[in-house]
Amino acid sequence: YSAAFDLTQLRNDLPAVSNRRIQGHLILLTDEKKQFWVNMKLFYVLDRISMVFKVLYVADRYVTPALRGKGIGTQLTSIAEDIAHDNDCMWVYGRQVPEDPRDLQRLIKSKRSAGYIVEERDGVVVAKKQLKIIVE
C-alpha cells in the first residue's frame, strides 16, 4: 500500500519549480484523486535592515483521513523543504489547524521531530524552520 503513495515521481516532476529563479509563485502539488495536497507560496521578503531573502510558506497540507498515518504528510513536508532549498529560501514556515483537535499533539510532535520551531495557540500550530543563515 505504501508503494502506491511513494511521492518520488511527484518530486521528480518539479524541475520548473526548482530552478533558483522564482520570485513569487503559488504552488499546489496533489495527486490525481485529490486525496492529499500541499499548497505553498514562495516569495521574497524585505526585512527591517533592507535584506531580501526568500521564504516558502506552506499555506495548507492535507491528507484524507483514510490515508493518514502512512507517511504521506511527511513526504509532502519533505518535498516542500526540497523546493525551499532549491530556491535558496532562508525559512520554510506554515500555519496549520488540525481537522480533528485530537490530532493537535501528533501534529506538534511531527513538526518538532522534523526540526521545526513550533508554537501553538488555541489549536493553531505555527511551525517554522530556518534553512540557512546569512552571515554579514
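**Exercise 1.** Find how many residues helix 2 has and what span it reaches.

*Solution.* Step 1: Helix 2 covers residues 72–86, which gives 15 residues. Helices (H or I, at least four residues) and strands (E, at least two) are DSSP runs, numbered from the N terminus.
Step 1: From its first C-alpha to its last, helix 2 reaches 21 Å, close to the 21 Å expected at 1.5 Å a residue. The expected span is 1.5 Å times one less than the number of residues.
Step 2: Asp 88 follows helix 2 and has a positive phi, near 55°.

The model is predicted: local features need pLDDT of at least 70, side-chain atom pairs count only at pLDDT 80 or more, and totals for chains, interfaces and linings use all residues. Residues are numbered from 1 along each chain as its sequence is written, and side-chain values use heavy atoms, with hydrogens and water left out.

**Exercise 2.** State which residues of helix 2 are buried.

*Solution.* Step 1: Buried means under 20% relative accessible area, exposed over 50%, partly exposed in between (1.4 Å probe, protein chains only).
Step 1: The buried residues in helix 2 are Ile 72, Gly 73, Leu 76, Thr 77, Ile 79, Ala 80, Glu 81, Ile 83 and Ala 84.
Step 2: An α-helix has 3.6 residues a turn, so residues three or four places apart point the same way.
Step 3: Take Thr 77, which lies in helix 2. Thr 77 counts as buried because its relative accessibility is 11%. Leaving aside residues up to four places away in sequence, Thr 77 touches Arg 61, Lys 111 and Tyr 116; contact means heavy atoms within 4.5 Å.

**Exercise 3.** Describe the largest pocket and the largest cavity.

*Solution.* Step 1: On a 1 Å grid over the protein atoms alone, a cavity is a set of points where a 1.4 Å probe fits but cannot get out, and a pocket is an open set with protein on both sides within 12 Å along at least five of seven lines; lining residues have an atom within 4 Å of a point. Grid points are joined across faces, edges and corners, and a volume is the space filled by probe spheres set on the points.
Step 1: The largest pocket has a volume of about 520 Å³. Its lining has 23 residues, and Arg 61, Arg 68, Gln 96, Arg 106 and Leu 107 lie nearest its centre.
Step 2: Strand 3 supplies the largest share of this lining, five residues.
Step 3: There is one cavity of 30 Å³ or more, and the largest cavity holds about 90 Å³ of space. Residues lining the largest cavity include Arg 61, Leu 76, Thr 77, Lys 111 and Tyr 116.
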